[in-house]
Number of protein chains: 2
Amino acid sequence: MIIRRELQLRVRELEEALARERGGGQGQRARIERMSPEVKDSNPYSRLMALKRMGIVKDYEKIRTFTVAVVGVGGVGSVTAEMLTRCGIGKVIYIFFIKQKSNTDKNIENDENINPDVQFEVHNYNITTVDNFQHFMDRISYGGLEEGKPVDLVLSCVDNFEARMAINTACNELGQTWMESGVSENAVSGHIQLIIPGESACFACAPPLVVAANIDEKTLKREGVCAASLPTTMGVVAGILVQNVLKFLLNFGTVSYYLGYNAMQDFFPTMAMKPNPHCNDKNCRKQQEEYKEKKAAQPKQVVVEQEEEIVHEDNDWGIELVSEVSEEELKAASGPLPDLPNGITVAYTIPNKEENVVAGETTVAESEESLEELMAKMKNM
Amino acid sequence: MIIRRELQLRVRELEEALARERGGGQGQRARIERMSPEVKDSNPYSRLMALKRMGIVKDYEKIRTFTVAVVGVGGVGSVTAEMLTRCGIGKVIYIFFIKQKSNTDKNIENDENINPDVQFEVHNYNITTVDNFQHFMDRISYGGLEEGKPVDLVLSCVDNFEARMAINTACNELGQTWMESGVSENAVSGHIQLIIPGESACFACAPPLVVAANIDEKTLKREGVCAASLPTTMGVVAGILVQNVLKFLLNFGTVSYYLGYNAMQDFFPTMAMKPNPHCNDKNCRKQQEEYKEKKAAQPKQVVVEQEEEIVHEDNDWGIELVSEVSEEELKAASGPLPDLPNGITVAYTIPNKEENVVAGETTVAESEESLEELMAKMKNM
């Protein structure tokens, strides 16, 4: 009987410890029906709702009506999902492809504990295969908080070209606004990019150079070779990504079309790129036509994007560089300077590579070109 | 007997669940004697050590020899400590003043689980009282990884003027290099600042305007009034702070003396400020003399700081603005423009306040001046 009592006590002790671990030390909080601005310890939303009182965001509660799909769950993706959760987003659709799922499960469970008001939908598959790609398209189209409605935004936090191209293809076809993010192989630069199909350059119009350089993804996994990673760079990129999401969804501040981060110099270039009328993606070209028609049909209406728009007279690329990197700054950063056409500069530099390796075939998009071929093509356009 | 066996099974089940919770899903990993660049799943340092192979950091392992004191454990402080832990810092001394310690305990335990190679020393007290201030000074002086040696860096992640002034006073007295961080009350701007006593402006030489404005701290806690907070802004500020720490300790890239973050415009101003020869803090003035003498005694030696140094001929303030905010940009941001002397501009704007409230008396430093008085003083210097 003594043993039994001891065991019973031990069970209780362990159950309590487990509850503490799972619930942030105090047991998981109950769901909250309505976001309140009330300032008391039991209100987890008071400091977010303060944004409203301070005149930053008109209607912060609206955050709960939005669904964001996060593709990729590595250094940037996991921090991104946690930030969205802490901000009180309505629903997160997590899509990732990972074999060892234990840490990811733990992350998702952690997010659920952080904010039980957020809905989670989780898919573990490779979006670049035909079947999964179709399922991915379906979830973007119908996975919104109100089932049957599309998601509000797709975030790309993947680490490879194929997956980015798959997201790009899907979003062009669906006319789905998305944001792309990336961190360089040497971990000291990164970027985020807002892509509104038809309105701003898509990923196939002008892929960021770090990707255009076609660094063979397989080298990252080769024995003795792996990409560098810094929690700091990941945190900054996730932070500027989710900040851009909040500004876009809640309509405050200036949403960045492109924001780069060069950690070596603490340099943060911004720019905006018009879509390429000769983009390889036919759905991008179709979206461009539709956007033009829409704009032409509403000539007097004040559209936010029109206010933001910048006119470029001195290059055919429709590329506007709000801030430019000098040659010296570039040389001071790591990596060689690629040979670029006039009017294009790089957002950040890429690690020194002996040669540009041709990327493997992709399921959903053409990417068999080397950097030289891509550049030559762009020059001849 | 059946009950006993069931209980035993339940105990084992719970113990395993608890181990999973505490250890990121796989039980806590064993300590690692030496950082290895080897690329295999069991090596948590392979992607950090890749920074060395990629030519970014000469000697990444050196990170394990450093001790960093983190003061404050709120939105910025907790993320800062976690990032340092993930980066494999040698030792973290946590100093904070918080009544409800359960969440903080959970954070610290979490950090210990993330990286059991990191040493933690935790103090929960208010550094602005006389006794605690002395203890704080002692831990900065003798709390290094090798007991008896000073820490390598102090990070201020506090949310109030008094605590910042206490850290400033201590670091000026000890000649201790530190970095300050802050997020504005409206949560959409922040900054980090490197302070090398005698060499760059200390916190009393030219306190950041958000603090100089002497926003009454008590308003933050008043019923119905609280400062806004955004996980995104906190993450970006913590990210640029720890990135600056890595660059400073591991000697790569350009260490920023000041880096601001305006989230509304995605604007990141940098600047460097020389110390004020008339600084109120006598130890700051003493450190300035010592720095001058040191520099004069080593005229031929190439010092990194000399390379970075910028000569200012057109203002008496010794203030160099590497990038400037235009009036328009300021107006577009929130808050009114303070009346500033020539040659000084603000890094970010402050929320609209009816009047500048005089700060309460501090234990360790003078801060009874209003913004007007501070500005008048600066003008008359």
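## Salt bridges across the interface

A salt bridge here is a side-chain nitrogen of Lys or Arg within 4 Å of a carboxyl oxygen of Asp or Glu. With that rule, this predicted model has 2 salt bridges across the interface of chain A and chain B. One of the pairs is A:Lys247 with B:Asp266, whose side chains meet at 3.4 Å, N to O. That separation sits inside the cut-off, so the pair counts.

## Who does the touching

On chain A, the elements giving two or more residues to the side that touches chain B are α1 (2-22), α2 (46-53), α3 (75-86), α4 (102-114), α8 (231-250) and β7 (258-262). Top of that list is α1(A), which gives the most, at 13 residues. Sorted by class, this side of chain A comes out at 32 nonpolar, 23 polar and 15 charged residues.

## How much gets covered

Chain A puts 70 residues into the contact, and chain B puts in 70 residues too. Between them, chain A and chain B bury about 6100 Å², with carbon and sulfur atoms giving 63% of that area.

## A quick look at α4(A)

Methods. Residues are numbered from 1 along each chain as its sequence is written. Chains are lettered from A and ligands numbered from 1 in the order in which they are written. This is a predicted model: local features need pLDDT of at least 70, side-chain atom pairs count only at pLDDT 80 or more; totals for chains, interfaces and linings use all residues. Side-chain values use heavy atoms; hydrogens and water are left out. Contact means heavy atoms within 4.5 Å. Buried area is the accessible area (1.4 Å probe) that two parts lose on being put together, summed over both. Helices (H or I, at least four residues) and strands (E, at least two) are DSSP runs, numbered from the N terminus. Ala, Val, Leu, Ile, Met, Phe, Trp, Tyr, Cys and Pro count as nonpolar, Asp, Glu, Lys and Arg as charged, and the others, Gly among them, as polar.
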